[in-house]
Amino acid sequence: MTPAPSIVVIGGGPRGTGVIERIAANAVELYGDRPLDLHVVDPHPAGGGRIWRPDQSPLLWMNSMAEDVTMFTDETVELAGPVVAGPALDAWAEDVRAGRITPDADPAVLAEIHGLAGADFPTRRLQSAYLRWTYERALAALPPGITVHEHRTTALAVTGPRGGRQRVRLQDRPEPLLADLVVLTVGHLDAEQDPEQQGLADFARRHALVHLPPDFTADSDLDALRPGEPVIVRGFGLAFVDLMVLLTEGRGGRHENGEYLPSGREPVLYVGSRRGVPYHAKIGYPWTGERPPLPQHLGPAWTEQLLSRTGPLDFRRDIWPAVAKELGHAHYHRLFTAHPERTALAHEVFAEKYAAADPGSPELAGLIAEAVPDPADRLDLDALDRPLDGVRHDSPEAFQEALRAHITADLARRHDPEHSEDLAVFLGLLSAYAQLIRLGDIGSWWHGFFSYLASGPPGPRLHQLLALSRAGVVRFLGADLTVETDEEQGLFRARSATVPGARTEARALVEARLPDPSLRHTASPLLRALRDGGAAITDDGLLAVDPADGRVLDDEGRPHPRRLALGPFTTARAGGAFTRPRTGGPAFRQNDAAARAALTFLRDLSCRGLLVS
């Protein structure tokens, strides 16, 4: 008897859930009522996967408000398949409160749901319940011919000829899964230590020190960090925020009336990074009025023109000037339409001249200077990106005061609708990201810049950071942080250009960031097998995929007919597997394209009778 076609989705987190939702949305049109076996492989519960698993500390939050999180498509998403509406997180919570939805969640999470408002920052375990419900809704929407099989284990390798069934080897399972098509949606995975981290780890072992390499903070062994002792922390993004919370409130400290009351169990965190400042706070007000028309300078025609070029693209030369002009367009459109009293030209005149000027040209700079009298109202992306460049302080204490003032000013501005041009730039960043992922691998700088401006922590977290700084539990080191090892004294030593001559010594070092998604140092047997089996890897170590549908490319540039991949380890990485409603959701577009490609391939395979047992 000929077996039913089979598809294996490796990775049951938000990206895998999104692909399954798109399979359900497109199945009737593209696959009909044919039988199909759908296998989902993940050692963690499907829906949330590892990063959004339910068994996390209730102290850990999302860095998005409930009203800004959705797993569902809308009319702003460019996709070939049907839009299937669904609730954003806040609307889902309202449905739960009204009894229209009954999620499978423990009483503590249900209590959080019942107290959730749209402007709240939910806990990660609450988001896990939303993702699990999304996954179950997607399964319920599949046609009756599709049978789902869940495998709570780890995929170790995918093998098989290009023209035949693939074999997915599973941990602790003697027989592989047979698949006519495989979709890899494994998300963030552990990495082997690169030479620098390996050297630091070896040094720590020799001197009985603590070295915590890049990791998902909830999985790090924080018990090794001792109360009262200094800890050098390299990284000032969202991983640092999680670390800060778990080592303070997580050890019994309390925030009351803007002050931090320590428990006495906290270490002292000395934090620095390349920029030396935390990510910009989430914007704390809603959009009102006219939106800037986007994309304006980065539309599909611009993308196609770049893709038609021969030779590699250079981000700074070929891409960044247009991105900067696009973000400027969003900024000044909002400034002229919402705050015209701070401008000196008619909007129509400015817009025409702005569109005609070359990116980065003296003419463009002169136009902006003429039209926007106050330099504080002009968009300076370099200053935003590196606010401490060239800044020097005479003492560590002077820098503590200065950085607290910087964070306080950022919080005030990001919660002041009089500066709503910042929210317009945020929308411009989302639009630009959606276009740039069509170009494939453009290097890591852009993704870091995007996260720094658009994916920062909730405002309350930065208020807590200020309180911890005033209490002496957190100390700021500065920009361009370097970490050295002292073999004679057996200590880590940190230095920063921001406070010349100052140095911090500690017996513990934490790398506060997620592991690099590069396949060159991945700890995943699955991704190592792909890397070593002929899949194309970029200079940054990412898995090369066809930007049209996510098919894995080999080292000759040929798309594999039976392997697709989406996520941060690929050149098709997007800003996130879920996004704000009505912002185009590039991951949703990718999910739809991959699902349609998979269903079309399996349908044609079935119709031609080419299934191989």
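I began with helix α1 (residues 14-30) and helix α17 (residues 586-607), whose axes come within 8 Å and cross at roughly 50°. That angle makes α1 oblique to α17, and I noted that the crossing in which α1 passes α17 is right-handed. I keep in mind throughout that this is a predicted model.

Next I looked up which residues make this contact. On the α1 side I found Arg15, Gly18, Val19, Arg22, Ile23, Asn26, Ala27, Glu29 and Leu30, while α17 contributes residues including Phe588, Asp592, Leu599 and Arg603. Sorted by class, the contact of α1 with α17 has eight nonpolar, five polar and six charged residues.

I then turned to an open sheet of five strands, which I followed in the order β8-β17-β9-β12-β13, with parallel pairing. Why is one side of β8 and of β13 left without a neighbour in the sheet? I see that β8 (210-212) and β13 (474-478) stand at the edges and each has a single partner strand, so one side of each lacks a neighbour there. Neighbouring strands of this sheet are, on average, turned by 20° against each other when direction is ignored.

Looking at one pair in detail, I found that β8 and strand β17 (residues 508-511) pair in the parallel sense over three bridges, and that Leu509 in β17 is the bridge partner of His211.

Lastly, I noted that helix α6 (residues 238-247) packs on the sheet, where it touches β9 (230-234), β12 (268-272), β13 and β17, and that the direction of α6 makes about 170° with that of β12.

Notes. Residues are numbered from 1 along each chain as its sequence is written. This is a predicted model: local features need pLDDT of at least 70, side-chain atom pairs count only at pLDDT 80 or more; totals for chains, interfaces and linings use all residues. Side-chain values use heavy atoms; hydrogens and water are left out. Axes are lines fitted to C-alpha atoms, for helices over the stretch in contact, and angles run from 0 to 180 degrees between N-to-C directions. Helices (H or I, at least four residues) and strands (E, at least two) are DSSP runs, numbered from the N terminus. Angles under 35 degrees count as roughly parallel, over 145 as roughly antiparallel, 65 to 115 as roughly perpendicular and the rest as oblique. A crossing is left-handed if the near helix is turned anticlockwise from the far one by less than a right angle, and right-handed if clockwise. Contact means heavy atoms within 4.5 Å. Ala, Val, Leu, Ile, Met, Phe, Trp, Tyr, Cys and Pro count as nonpolar, Asp, Glu, Lys and Arg as charged, and the others, Gly among them, as polar. Two strands pair if DSSP finds at least two bridges between them.
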